Amino acid sequence: NEYQRQVAARRAPAYQHLRRTLQHAIENGSLTAGQALPGERELARLLALSRVTVRKAIAGLVADGLVIQRQGAGTFVAERIVKSFSALTSFTDDLRARGLDPRSEFLERGSGEVTPEEAMALNLSPGAQVIRYYRLRTANGTALALERTVVPAEVLADPGLVENSLYAAFDKLGVRPVRALQRLRAIAFDAEQARLMRLPEGSPGLFIERRTFLDDGRVAEFTRSFYRGDAYDFVAELHTE
Ligand code: 16G
C-alpha cells in the first residue's frame with residue numbers, strides 16, 4: 001500500500017530513489033525519447049542532492065538502456081534504434097551512424113575444430129578449423145545484444161584479429177561479404193543471458209541468425225544474435241513481385 005511504499009522509498013538510498021523517479025518519468029512519458037536531461041550539476045542543485053548521488057542514479061539508467069550519454073553533449077532519454085532488416089551492415093556500423101560508441105566485451109574467444117552443427121552452417125568439411133566469439137555488445141555503456149559468431153579459420157586465421165568489430169577485421173583483410181541469409185524470431189532472455197545483459201529474466205529479445213557469404217560462395221560467418229527487444233525497430237522496404 002501507499003504507506004509501505006513511502007516507508008520503502010524513505011529507506012532506499014537517495015540515488016535509488018532518484019533513479020526510480022526518473023525511470024517513472026520516462027515510462028509515463030513526462031520525459032520523452034530524445035529529450036535532454038538537465039546536466040549533473042543542474043540536477044543536483046534543483047533536487048538538493050549531491051553530484052555523486054545524481055551520477056549514480058544516471059549510471060543506473062544508462063545500464064538499463066533508458067538514457068544515453070553522448071560525449072560533450074549530455075544525457076538523453078534513449079530512442080529506439082531503427083535498423084534495416086535487409087542491409088548487410090554490422091553492429092558497429094549501425095551504432096556509429098547514430099553517433100554512439102559501440103564496443104565488444106569478449107565473454108569467450110577461441111578457436112578449434114568445427115562441430116557438426118557449425119560444419120553444416122558454414123559449409124565446411126569435418127576437421128576444419130574455426131574461430132569463435134561470444135560477445136556482449138554495448139553502446140555508450142548500455143548492453144544491447146549478445147552475439148555468438150563462428151568464422152572459418154580460412155577466412156580469419158587468428159581470433160586476436162577482432163578488436164571490437166568483426167566486419168572491420170574483414171575489411172582490413174580484404175574479405176568482402178556480398179550477401180547474407182537472415183532469420184528473426186522473438187525470444188525471452190533466459191536467466192544467464194539476462195544476467196549478462198543486466199535485464200530482468202524473461203525480458204523480450206529478438207533472435208537473429210545470419211549466414212554471410214563471400215562472392216566466391218564461401219560462408220564468412222555464422223552468427224546468432226540476441227538483441228534487446230525493447231531497443232530495436234527492424235525495418236525493410238517491400239516491393240510487389
Ligand atoms: C550485426 C550482425 C551480425 C554481425 C555483427 C558484426 C545483425 C542482426 N547481426 O550484429 O551477424 O556478426 O553485426 O558486427 O545485424 P561487428 O562488425 O560490430 O562485430
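Guide: Gladly. Arg148 has a relative accessible area of 33%, and it is called partly exposed because that value falls between the limits: buried means under 20%, exposed over 50%, and partly exposed in between (1.4 Å probe, protein chains only). Please note that this is a predicted model: local features need pLDDT of at least 70, side-chain atom pairs count only at pLDDT 80 or more, while totals for chains, interfaces and linings use all residues. Residues are numbered from 1 along each chain as its sequence is written, and side-chain values use heavy atoms, with hydrogens and water left out.

Visitor: What makes Glu108 and Arg148 a salt bridge?

Guide: The rule asks for a side-chain nitrogen of Lys or Arg within 4 Å of a carboxyl oxygen of Asp or Glu. Glu108 and Arg148 have N to O at 3.3 Å, so the pair qualifies. Glu108 sits in strand 4 (residues 102-113) and Arg148 in strand 6 (residues 142-152), so this pair links distant parts of the chain, 40 residues apart. Helices (H or I, at least four residues) and strands (E, at least two) are DSSP runs, numbered from the N terminus.

Visitor: How many salt bridges does this rule give?

Guide: The count comes to 17. Another of them joins Arg55 and Glu40, with the closest N and O atoms 2.9 Å apart. Arg55 belongs to helix 4 (residues 51-63) and Glu40 to helix 3 (residues 40-47), so the pair ties together parts 15 residues apart in sequence.

Visitor: Why is Arg195 called exposed?

Guide: Its relative accessible area is 55%, and the label needs over 50%, so Arg195 is exposed. Glu192, at 43%, is partly exposed. The side chains of Arg195 and Glu192 meet in a salt bridge (3.2 Å, N to O). Both lie in helix 8 (residues 191-197), 3 residues apart, about one turn of the helix. An α-helix has 3.6 residues a turn, so residues three or four places apart point the same way. Elsewhere, salt bridges that share partners join Glu40, Arg51 and Arg55 into one network.

Visitor: Which residues of helix 4 are buried?

Guide: They are Thr53, Val54, Ala57, Ile58, Gly60, Leu61, Val62 and Ala63.
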